[in-house]
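Hi everyone, thanks for making time for this. I'll walk you through one protein, so please have a look at it before I start.

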Amino acid sequence: MRPTLRTARAALTGTVVTGHLMALMLAMPASAAEPSGRNAPAPRPAELSCLAEAVYFEAGGTGSKAEAAVAHVIVNRAESDEFPGTICGVVSEGCQFSYRCDGRSDALADAERRDDAYAAARAVLRGEPDITDGALFFHAATAKPGWFSTRDRVGKIGGNVFYR
């Protein structure tokens, strides 16, 4: 059985829940049990790194809203039965993200852009609201939509167009 978003986020942030605390959490609304804000535990380093890397290359330098949108797509995919069940699995699946197959270095060389990508990844993993409304796909706004036109368009955020 695949984890729910609540249990996946708990796993990503290292939260361990047992006994009476689990019963209490199950009785709460999902939003109350999800980690959020500054008091949430830090995400696991590998998942955070995978997410930040994808944000860096797919939306880096386009602004915090655009970077968060790309991060949400990746987290949404990890929650979907259509994709691998982890963030690193989603990011490393074939050539789903063009930077993974372009033959160029995947080093996060620009320090400011890298810091921004990590900030966006952390915020999304800690429960920032999904501004993509559940999008699973995106492409550069300059690209022709191709098969994406068969999907429900969410809108344009930064330099990308998002779809469910």
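Okay, let's start with some rings: Tyr56, Phe57 and Tyr99 are linked into a cluster by ring pairs. Rings of Phe, Tyr and Trp (its six-membered ring) pair if their centres lie within 6.5 Å; planes under 30 degrees apart are stacked, over 60 edge-to-face, and the rest tilted. One of those rings, Tyr56, also has Arg113 over its face, at 4.5 Å from the ring centre. For a charge to sit over a ring, NZ of Lys or CZ of Arg has to be within 6 Å of the ring centre and within 35 degrees of the ring normal.

A quick word on what you're looking at. This is a predicted model, where local features need pLDDT of at least 70 and side-chain atom pairs count only at pLDDT 80 or more, while totals for chains, interfaces and linings use all residues. Residues are numbered from 1 along each chain as its sequence is written, and side-chain values use heavy atoms, with hydrogens and water left out.

Now the layout. The protein has seven helices and three strands, and along the sequence the pattern is α-α-α-α-α-α-α-β-β-β. Those are DSSP runs, numbered from the N terminus: helices are H or I with at least four residues, strands are E with at least two.

Back to the rings: the structure holds six aromatic pairs. Why is the pair of Phe97 and Phe138 tilted? Their planes are at 35°, with the centres 6.2 Å apart, so the pair is tilted. Phe97 is in the loop between α6 (87-92) and α7 (111-125), and Phe138 is in strand β1 (residues 137-140), 41 residues apart. Both Phe97 and Phe138 are buried, meaning under 20% relative accessible area; exposed is over 50%, and partly exposed is in between (1.4 Å probe, protein chains only).

Next, how many disulfides are there? The count comes to two, taking a disulfide as a pair of cysteine sulfur atoms within 2.5 Å. In one, Cys50 and Cys88 have their sulfur atoms 2.1 Å apart.

Cys95 counts as exposed, at 53% relative accessibility, while Cys101 is partly exposed, at 40%.

That's it from me, thanks!
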